[in-house]
Amino acid sequence: MEFNVGSFRLRKPGYEDADGFIEICSETETMKYYGIAGACIDTVQKAKDQIDWCNNLFENSGGRWIIVEQDVNKYIGDIGFHNYQGDHNKVEIGYRIKQKYWGTGIMTQCIKTLIKYGFENMNYNRIEALVDNRNIGSKKVLLKNNFKCEGTLRDYEFEHGHYIDMDIFSILRREYNS
């Protein structure tokens, strides 16, 4: 399954995307608020393991797609669902895009596309996003997609030697439909 998003496309990941994962993980500003797990992809094998993880998500969480330009089939970011909880019909969305593409509106459009897919095809009731409290850009893109900030989870994660607060955002199916 693929999605066309303006002059970009969301597609399933392949091993040819390994270099893209390594490149994005080397961008200090892009990874600043992404968390420890995503920051350590520095070998082809680690990138392939990440690609396998992304593809395995298609089996139970809705998947994790690679963002590419329509005319250039090269990784520029990734977005998708994880932490699916079937009993509660909820899932978490996560995303990142290379710094060169910040402020272009592409992530807003990609999130909009996946929200539609999640509610209309995956039958989710709730889509959540956990965002580092300091990540203003990520919070703005969620608000543009009608997510609501539900509050701050204090000292929620331990990264780089200190605790960080995370803001939790969500959108519900009934909000999407209205």
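**Close-up views of a predicted model**

The structure holds zero disulfides. The model shown in all views is a predicted one.

View 1. A disulfide would require the two sulfur atoms to be within 2.5 Å. C110 is buried, since its relative accessible area is 0%. C149, by contrast, counts as partly exposed, because its relative accessibility is 42%.

**View 2. The buried side of helix α1.** Helix α1 spans residues 18-25. Within this helix, A18, G20, F21, I24 and C25 are buried. These residues lie on the same side of α1, because they cover an arc of only 165° around the axis. An α-helix has 3.6 residues a turn, so residues three or four places apart point the same way.

**View 3. Strand β3 and its pairing with β2.** Strand β3, formed by residues 64-69, is mostly covered, with five of its six residues buried. Strand β2 (residues 8-11) runs antiparallel to β3, and four bridges join the two. In this pairing, R11 stands opposite I66 of β3.

View 4. Strand β4 comprises residues 72-85 and pairs with β3 in the antiparallel sense. Six bridges connect these two strands. R64 is placed opposite G80, a residue of β4.

View 5. Strands β7 (residues 148-159) and β8 (residues 162-172) are antiparallel and are joined by eight bridges. C149, the partly exposed cysteine of View 1, falls within the residue range of β7. E159 has H162 in β8 as its bridge partner. Two residues separate β7 from β8 in this hairpin. In the turn, H160 has a positive phi of about 50°.

**View 6. The largest pocket.** The space in the largest pocket amounts to about 1100 Å³. The pocket is lined by 42 residues, of which Y34, Y95, R96, N135 and S138 are the closest to its centre. Sorted by class, the lining consists of 18 nonpolar, 14 polar and 10 charged residues.

Definitions and conventions. Residues numbered from 1 in each chain as written. Predicted model: local features only at pLDDT ≥ 70, side-chain atom pairs only at ≥ 80, totals over all residues. Heavy atoms only, no water. Buried < 20%, exposed > 50% of the residue type's maximum accessible area, 1.4 Å probe, protein only. Arc of directions from axis to C-beta. Pairing = 2+ DSSP bridges. 1 Å grid on protein atoms, 1.4 Å probe; cavity = no way out; pocket = protein on both sides within 12 Å on 5 of 7 lines; lining within 4 Å. Points joined across faces, edges and corners; volume = space filled by probe spheres on them. Nonpolar A, V, L, I, M, F, W, Y, C, P; charged D, E, K, R; others polar.
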